[in-house]
Amino acid sequence: MAGISSLGIGSGVLNSDLVDQLVAAEKEPVTNRLDSKQQKAETLISAYGTLRSAITELRLPMRQLSAADNLKSFSASSSNEDVAVTVDSTEASRGSYTVQVDSLAQAQSLASGTFEDRDATPVGTGTLSISVGGETKLIDIDSSNNTLQGIADEINDSGLAVSAGVIDTGDGYRLVMSSDETGTDNAIRIGVNDSDGNNTDAAGLSQFVFNGTAQNLTETVEAKDAVVQVNGISITRSSNTIDNVIDGLTFEVKAEGVTSTVKVEQDTGAVTDRVASFVEKFNALQDTISGLAGYNSETQTAGVLSGDSTVRGIQNGLRNMLTRIVPGLEDSAVRTLADVGITTDYETGKLEFDQEKFVEQLEANPDDVTALFAEQGRTSDAQVEFVSSGINTEPGEYSINITQAATQGSLTGTNVGAGSVTIDGDNDNLTFKVDGETSVSITLDAGTYTREELAAQIQEQLNTNTALSSSGKSVQVDFDSTSGALSFKSGAFGSESNVSIASVDTNSAADLGLSVATGTVGKDVAGTINGQRATGEGQILFVEGSVGAAGMQVRITGDQTGPRGTVSFIEGIGEQTVNMVTDILGSDGTLENRTDNLQDDLAEIEEERLELEDRMTRYRERLVSQFTAADSLIAQLNNTQEYISQQLAALAPNNSNDS
């Protein structure tokens with residue numbers, strides 16, 4: 001290579017330009033072949049990418065249709081804007097209701113008497129016991145905070161659902177406080193342990209007492225519950241948000257004395273739009289496939305994926321799925337897409353959608369239309385509820401056998417008879433532990449109760465306890481007159497369910513029959529589904545594994561053991577399509593495998609290019625070496641010729657003289 005610049009000196013022909021031409025001639029056919037292979041691979045990769053995008057677009061509408069809730073859409077309307085209504089389609093059903101608002105819920109407000117100064121005027125010392133929303137806090141008032149502002153700051157820092165402040169009336173200052181929440185359950189009660197020894201008079205700290213014994217504060221706003229009548233039935237709630245009255249509906253009442261007609265109707269338009277979106281995306285996919293794999297008779301050209309087995313397999317798989325009878329719906333009013341107005345144009349492969357026919361079937365056979373698209377489990381036992389399936393759950397009918405029903409954790413006190421009991425400071429505090437994790441402390445209202453009334457009082461305190469309600473847990477309280485004991489039952493089922501008593505007052509055991517004790521843990525449901533061993537968690541029974549009923553979950557209510565009928569699992573077209581599309585687009589799917597193979601081809605082409613460059617380098621070196629040797633020989637021959645010519649020229653005069 002170093003001597004290439006001197007090529008041709010000897011011959012005038014074997015130069016570097018000739019080497020370049022010979023190398024280029026040797027390289028060109030191989031380069032053209034590799035360029036063609038690369039262009040084809042890149043074109044196919046781009047085509048598969050376009051196909052992947054079109055298939056991905058199909059997954060979203062089918063995923064929406066695979067959820068049963070999206071096929072049961074309901075809308076609600078109110079004839080009066082002062083009664084707003086929201087609807088949960090998963091629970092709502094069609095109906096018409098008259099809602100009359102008798103009163104609105106409001107939060108209680110209290111105000112003290114007038115004081116000369118907010119920061120300097122002493123208001124007394126001792127302890128304030130403030131209760132609101134089932135929670136009680138003790139606030140110590142001493143020389144450091146015995147002013148209106150000091151009390152307000154202590155209340156605001158207590159963590160209670162109460163806000164306090166001091167207002168300037170122009171004639172002095174008053175302490176005001178308001179409950180943060182509406183309703184009578186959130187009324188404020190204030191007890192006082194006044195250092196002057198009198199807890200009810202209008203002197204010292206007892207100026208702020210407000211309870212059943214004394215009310216030295218002024219109630220400026222009364223705590224009230226919202227009261228509404230739904231179809232003539234009176235309903236009371238602590239807030240102006242009224243729920244748990246009609247399944248799936250929540251009312252927001254804004255004015256008293258108004259009446260509204262609330263109508264709940266199936267929102268067929270929303271469901272139809274979802275189906276239309278699926279049809280649109282499927283037809284767009286057919287257009288994409290036609291462009292990539294079809295034949296244009298006008299231009300007499302075929303698409304880049306024409307005859308491709310991958311495309312053909314995807315197209316045939318989707319077409320077969322969308323035209324066959326859904327397993328489990330053989331005897332139903334709706335069995336195929338054609339039954340709801342979705343038919344196939346066999347010339348183009350596209351879908352045609354008769355929306356009017358679809359709406360008719362949706363209104364007439366909502367369960368069958370839901371099962372046509374979404375997954376559905378139909379049980380023969382009213383106390384067995386299908387919850388969900390897994391990715392491996394196979395359509396079919398499965399028998400259920402229960403060997404152990406789920407139970408709730410519970411605790412029973414001791415027999416203290418059926419006589420009345422007086423609640424005072426020595427037996428009014430109880431602390432429970434619910435379901436092993438939630439600690440609940442309650443203070444019972446002082447007074448004399450029958451045992452049934454006592455159970456109701458404990459139930460009320462538990463129901464309004466913030467810690468319990470925020471945890472989503474509940475406890476049922478009862479009094480058994482036969483055993484003479486209070487009993488407590490967790491609202492949850494299973495091995496995590498329990499009710500224990502963590503602490504009691506001095507006389508709770510003697511007066512209430514309640515002492516520190518651990519309750520009886522609940523049991524999980526146990527049994528089989530179609531002979532497959534199932535795992536219980538509370539009332540939920542589910543099957544692990546990868547075949548048959550694997551992944552299925554059912555809720556078993558009631559206490560009956562033995563055979564509990566069957567559950568028929570139907571996998572609708574929406575769910576099937578989502579699964580098929582997921583498989584196609586997955587890391588092990590046909591498109592990914594095909595693309596990976598093409599990427600491998602590109603990598604091999606790049607390796608061939610590198611090998612070609614190496615081969616051409618060696619070829620160039622060989623030519624240069626050969627040309628250098630030939631050029632040297634020609635130079636030697638030229639030198640010899642020149643020498644001979646010179647010699648002959650030198651001899652020429654001598655020959656002339658001799659003659």
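**Calls and cut-offs**

Trainee: Why is Asn 530 called partly exposed?

Mentor: Its relative accessible area is 39%. Buried means under 20%, exposed over 50%, and partly exposed in between, with a 1.4 Å probe and protein chains only. So 39% falls in the middle class. This is a predicted model: local features need pLDDT of at least 70, side-chain atom pairs count only at pLDDT 80 or more, and totals for chains, interfaces and linings use all residues. Residues are numbered from 1 along each chain as its sequence is written, and side-chain values use heavy atoms, with hydrogens and water left out.

Trainee: Is Asn 244 buried or exposed?

Mentor: Exposed, because its relative accessible area is 71%, over the 50% cut-off. Its phi is also positive, near 60°. Asn 244 is found in the loop between β13 (241-242) and β14 (249-253).

Trainee: Why are Glu 608 and Arg 33 called a salt bridge?

Mentor: The term needs a side-chain nitrogen of Lys or Arg within 4 Å of a carboxyl oxygen of Asp or Glu. Here N to O is 3.5 Å, so the pair qualifies. Glu 608 lies in helix α11 (residues 590-658) and Arg 33 in helix α1 (residues 16-65), so the pair ties together parts that are 575 residues apart in sequence.

Trainee: What makes Arg 33, Lys 37 and Glu 608 a network?

Mentor: Salt bridges link them. Glu 608 also pairs with Lys 37, the closest N and O atoms being 3.6 Å apart. Glu 608 is partly exposed at 23%, and Lys 37 is partly exposed at 37%.

Trainee: How do you know that Arg 555 and Glu 385 form a salt bridge?

Mentor: Their closest N and O atoms are 3.0 Å apart, so the pair is within the 4 Å limit. Arg 555 sits in strand β34 (residues 553-556) and Glu 385 in strand β21 (residues 384-388), 170 residues apart.

Trainee: What makes β7 and β10 edge strands?

Mentor: Two strands pair if DSSP finds at least two bridges between them. The open sheet runs β7-β8-β4-β10, with antiparallel pairing. β7 (162-168) and β10 (218-221) each have a single partner strand, so one side of each has no neighbour in the sheet.

How values were computed:
Helix = DSSP H or I, 4+ residues; strand = E, 2+ residues; numbered from the N terminus.
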